[in-house]
Amino acid sequence: MEETKRRVQLSGNEAVATALRQINPDVFPAFPITPSTEIPQYFSNYVANGLVDTEFIPVESEHSSMSAAIGASAAGARSLTATSSCGLALMWEELHVAASNRLPLALALVCRALSGPININCDHSDSMGARDCGWIQIYAEDNQEAYDNMVQAYRISEHPDVRLPIMICQDGFITSHAVMDMELLPDKAVKDFVGEYEPERYLLNENGTMALGPYAITDYYMEARRAQAQGILNAKKVILDVARDFEKISGRKYGLFEEYRMEDAEFAMVLIGSAAGTAKDAVDKMRESGKKVGLIKIRVFRPFPAEELAAALSKVRGIAIMDRSESFSSNGGPIGSELTQALYHARSQAFTVNYMYGLGGRDLQVIHVEEIFEELMALAAKGDPKDSVSYRYVGLRDIADPDHKQISYLCKPENTEQA
Amino acid sequence: MDKKMTEAQKLHVKCAWQDLTEGLTITDAANSVEFETGLWTTVKPTFHPEKCKQCLLCAPACPDSCIPVKDCKRGEFDLAHCKGCGICVASCPFGAITMEVDA
């Protein structure tokens, strides 16, 4: 196999599948679901062609694929699966089992809207629905990041201080199917970086007995949850350590989030995933005309980098928090909730507006981002940005605005608001 | 923690979260005797030796092996593991076991 880095043109799915070929995991159970299907499809070709010696298990559902991945991991194997949307929803019970049993397996998630209405395109309602399952969640902006995150995944999840399952998320179709010019690391570099998996405790250990997943009564459950929380608390440092090591072999630098033109920024946008590319273009354009705007792209959502984000946003006046999933809380989306909590704890004086965008694959365009920043500036000019207490929809058709003159629409009971 | 303690013993009911094994795995085998479950019940069986004929019908009936048998004779109940099910009471033809409220 090649020993040098090489430029390739791959879809996000093929990029992740290629990372998995280089990692050569022990067990990969999978069930197809759009838009993640190509990952096991590519991978089963690698198996058929003898490029990996992974046990590939075609199963009858996602409930089974996650169960089999858990079983394999408990047995002592390095395992993973891939899924999207309703597939992840069907895994919900097992997601908790994997995390509470401290099994370091991976899930290549290609984010797609949850039903209903049934929709195969990108939003984060699947991953955000699973945000409290105890998994580490890392998101990619583009194909390169999806590949890079997959290469780093096992080093993080298998670390003795963490030992938790990890979800490597990318945006359905936008990155999973779009082909992008990117760089692959040499096979050997990935192999050496990831290393062999040598668990201390596993069910097929012939030199010892083990019981896994025992019933824990009221006397133990809280202590067990607290012990599990320690893994996610420790994960932040491990993620950064692994990123530093990864930079040495790749030259690419990763953190908990990426700050883009945030120096001297007065207004910031915070988002996750592929829309960051669009938003960066808008930021560049606005910077050219002297507007002090910047962007923060969250890479690691679990553990949530609360203090770090609040510090990075400590100088801004207004923040647009962008959510690509409705949480139907009547109080905004998941990133909105978590980030405003972080800002409150840091005694931030910035005002925030929580925007819903891109649901079910709706495009977020450069013009939308520009208009959102303009809206933030207008709110700041008013001096009392009271609208910031609610949340708004971007790019929506609204009966009160047939010509689409408005940038965004406030969500509130009996919505009659104009402008 | 005392290193001589078995893993199961470390997982006693008053242990701190830091003492738990990762993911609550248990690597000792045949350790149920180390988990004292007798506190789960509000009733306990009481043995009346004067009525006992040592027929030993009760000992195999106990689902938790709480009736020790030595030299062909049963002994006192192992109340640290008895869950108070009362099967032994039903199994005794001589009224040598009664169920009492555990004060």
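Residues are numbered from 1 along each chain as its sequence is written, while chains are lettered from A and ligands numbered from 1 in the order in which they are written. In this predicted model, local features need pLDDT of at least 70 and side-chain atom pairs count only at pLDDT 80 or more, whereas totals for chains, interfaces and linings use all residues.

**View 1. A mixed, open sheet in chain A.** Five strands line up as E4-E5-E7-E6-E12. Strands are DSSP runs of E with at least two residues, and helices are runs of H or I with at least four, both numbered from the N terminus. Two strands pair if DSSP finds at least two bridges between them. Strand E4 (80-83) and strand E12 (300-302) of chain A are the edges; each has a single partner strand, so one side of each lacks a neighbour in the sheet. On average, neighbouring strands are turned by 20° against each other, direction ignored. Axes here are lines fitted to C-alpha atoms, for helices over the stretch in contact, and angles run from 0 to 180 degrees between N-to-C directions. Strand E6 (residues 136-139) and strand E7 (residues 166-171) of chain A run parallel, paired over 4 bridges. In this sheet A:Ile138 faces A:Ile168 of E7(A) as its opposite residue.

View 2. A:Ser157 is buried, with 28 other C-beta atoms within 10 Å. Buried means 20 or more other C-beta atoms within 10 Å of the residue's own, exposed 12 or fewer, and partly exposed in between, with C-beta atoms placed from the backbone. Neighbours within four places in sequence aside, A:Ser157 is in contact with A:Pro104, A:Ala106, A:Ile136, A:Val162, A:Leu164, A:Pro165 and A:Ile166. Contact means that C-beta atoms, placed from the backbone, lie within 7 Å. A:Ile239 is 82 residues from A:Ser157 in sequence, yet 9.0 Å away from C-alpha to C-alpha.

**View 3. Helix H2 (residues 38-48) of chain A and its buried residues.** A:Glu38, A:Ile39, A:Pro40, A:Phe43 and A:Tyr46 are buried. The buried residues of H2(A) pack against helix H1 (12-23), strand E2 (27-30), strand E3 (55-58), E4 and strand E5 (106-111) of chain A. A:Gly50 follows H2(A) and has a positive phi, near 75°.

View 4. Domain 1 covers 6-202 + 214-250 and domain 2 covers 257-411. Such bounds come from an automatic or database domain assignment. The C-alpha centres of the two domains lie 28 Å apart. Ala, Val, Leu, Ile, Met, Phe, Trp, Tyr, Cys and Pro count as nonpolar, Asp, Glu, Lys and Arg as charged, and the others, Gly among them, as polar.

**View 5. Chain A meets chain B.** Chain A contributes 17 residues and chain B 11 residues. Helix H9 (residues 218-250) of chain A supplies the largest share of the chain A side, 5 residues. That side has 7 nonpolar, 4 polar and 6 charged residues.

**View 6. Chain B and its elements.** Chain B has 3 helices and 4 strands, running α-β-α-β-β-α-β from the N terminus on. Its domain assignment gives domain 1 (1-35) and domain 2 (37-103).

Conventions:
Two residues are in contact if their C-beta atoms, placed from the backbone, lie within 7 Å.
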